[in-house]
Amino acid sequence: MKNLRKFAAIALGALALTTFNSCDDSDSNGETRNIAEIATATPNLSILVQALTRAGLVDDVSGNTNLTVFAPTNEAFLDFLEANNFNTLEDVPVPLLQKVLLNHVVAGSLRSSDLQTGYVKTLSTGAASTTSNISMFINTNGGVVLNGGVPNGGATVTTPNIAARNGVIHIVNSVISVPDVVDLVLANPNYSSLRAALTRNDQPDFVSLLRTQVGTEPAPVTVFAPDNDAFAALLGELNAPNLAAIDGATLTAVLYYHVVAGANVLAGSLQNNQPVTTAGDGIFTIQLPATGAQITDGDNRVTKIVATDIQGDNGVIHEIDRVLLP
């Protein structure tokens with residue numbers, strides 16, 4: 001594996017420079033080759049082409065539907081194989097390979113200037129839902145970073161805007177892991193306060209709890225995630241100078257109150273006046289007024305659901321604008 005890695009890094013990497021430099025920012029309408037054909041003509045994407053072939057996805061990136069493909073280099077695939085204890089691409093189960101590859105594809109033709117910071121849906125589906133596609137967090141604050149970049153299971157775009165007849169290719173420096181709900185929280189800087197609360201050293205191991213894979217309790221999970229402004233508002237409401245001022249038992253109860261165990265609850269399944277039982281055995285109520293979905297918590301406070309169906313492999317996140325209190 002190490003010898004193969006060295007050969008790929010030197011020989012294929014050098015050849016790729018010529019190919020990448022030949023790709024300009026011309027409109028895709030002027031390019032007659034499709035995504036698969038361009039990948040095939042790019043030496044440093046040869047393992048990607050092999051992976052697409054093994055997964056039976058070549059036709060999916062060869063048709064007339066516009067797609068955006070975040071394409072890992074050969075070196076990225078070698079890292080992926082080594083990290084997951086696969087000797088060769090042939091050792092990767094086809095269902096897993098399909099899931100991983102589709103996690104690199106977004107509907108539509110999105111050039112780097114079209115990308116905005118936030119969550120988008122990939123074409124992959126995970127274990128928690130067959131109808132809600134896996135989400136990806138794109139951060140455009142200084143380049144384009146996907147799901148937090150390396151080493152957080154994500155990637156960084158290194159060569160953008162390779163035009164194809166049916167979309168655009170962006171070369172990335174890593175194979176993007178199919179994210180769980182923790183990955184999707186960690187990737188988003190606007191959840192840094194939630195991350196700090198979940199990982200405070202006097203708390204239960206919430207990270208392991210929320211990384212549980214479907215088939216093992218408590219997964220699938222539904223997380224109602226307060227953003228940084230919500231935590232700032234909570235500190236003001238409690239007259240607390242910082243997160244550390246909230247005692248451990250209270251914080252534990254509050255965090256459990258934001259998690260529903262054993263269900264991937266999508267926005268479309270929410271019902272008006274629906275009671276929701278949380279992981280800590282607390283209950284809050286969903287309301288669906290014309291102004292949008294909201295929650296009435298145990299303290300009779302009303303919280304808006306501001307973003308829905310941020311889908312991970314083991315569960316789903318809905319963003320809320322207040323911290324719920326049991």
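**Questions about a predicted fold**

Author: Let's start with two helices: α3 (residues 46-55) packs against α4 (residues 74-83) with the axes 7 Å apart and an angle of about 60° between them. Helices here are DSSP runs of H or I with at least four residues, strands are runs of E with at least two, and both are numbered from the N terminus. The model is predicted, so local features need pLDDT of at least 70 and side-chain atom pairs count only at pLDDT 80 or more, while totals for chains, interfaces and linings use all residues. Residues are numbered from 1 along each chain as its sequence is written, and side-chain values use heavy atoms, leaving out hydrogens and water.

Reader: Why is α3 called oblique to α4?

Author: Axes are lines fitted to C-alpha atoms, for helices over the stretch in contact, and angles run from 0 to 180 degrees between N-to-C directions. Under 35 degrees counts as roughly parallel, over 145 as roughly antiparallel, 65 to 115 as roughly perpendicular, and the rest as oblique. The angle of about 60° therefore makes α3 oblique to α4.

Reader: Which residues in α3 and α4 meet?

Author: From α3 come S46, I47, L48 and A51, and they meet N74, F77 and L78 of α4; contact means heavy atoms within 4.5 Å. These residues divide into 5 nonpolar, 2 polar and no charged. The nonpolar class holds Ala, Val, Leu, Ile, Met, Phe, Trp, Tyr, Cys and Pro, the charged class Asp, Glu, Lys and Arg, and the polar class the others, Gly among them. The buried residues of α4 are N74, A76, F77, L78, F80 and L81, where buried means under 20% relative accessible area, exposed over 50% and partly exposed in between (1.4 Å probe, protein chains only). After α4 comes N85, with a positive phi near 60°.

Reader: What makes β2 and β3 edge strands?

Author: The open sheet has 7 strands in the order β2-β1-β7-β6-β5-β4-β3, with mixed pairing. β2 (105-107) and β3 (118-121) each have a single partner strand, so one side of each has no neighbour in the sheet.

Reader: How do you know that β5 and β6 pair?

Author: Two strands pair if DSSP finds at least two bridges between them. β5 (residues 145-146) and β6 (residues 155-164) share 2 bridges in the antiparallel sense, and V145 stands opposite T156 in β6.

Reader: What joins β4 to β3 and to β5?

Author: β3 and β4 run antiparallel and are joined by 4 bridges, with Y119 opposite F137 in β4. β4 and β5 also run antiparallel, joined by 2 bridges; here I138 has L146 of β5 as its bridge partner. β4 and β5 form a hairpin with 5 residues between them, and G142 in the turn has a positive phi of about 95°.

Reader: What makes β4 mostly covered?

Author: In β4 (residues 135-139), 5 of its 5 residues are buried. In a regular strand the side chains alternate between the two faces of the sheet. On one side of β4 are S135, F137 and N139, on the other M136 and I138, and all are buried.

Reader: Why are Y257 and F284 called an aromatic pair, and what makes the pair edge-to-face?

Author: Rings of Phe, Tyr and Trp (its six-membered ring) pair if their centres lie within 6.5 Å; planes under 30 degrees apart count as stacked, over 60 as edge-to-face and the rest as tilted. By this rule the count comes to 5 aromatic pairs. Y257 and F284 are 5.7 Å apart, centre to centre, with 85° between the planes, making the pair edge-to-face. Y257 lies in the loop between α10 (248-256) and β9 (259-261) and F284 in strand β11 (residues 283-287), so the pair ties together parts 27 residues apart in sequence. Y257 counts as buried at 1% relative accessibility, and F284 is buried with a relative accessible area of 1%. With F224, Y257 and F284 form one aromatic cluster.

Reader: What makes the backbone at N147 and N161 worth a look?

Author: Most residues other than glycine have a negative phi, and most peptide bonds are trans. Phi is positive at N147, near 50°, and at N161, near 60°. N147 is found in the loop between β5 and β6 and is buried at 5%; N161 lies in strand β6 and is buried at 8%.
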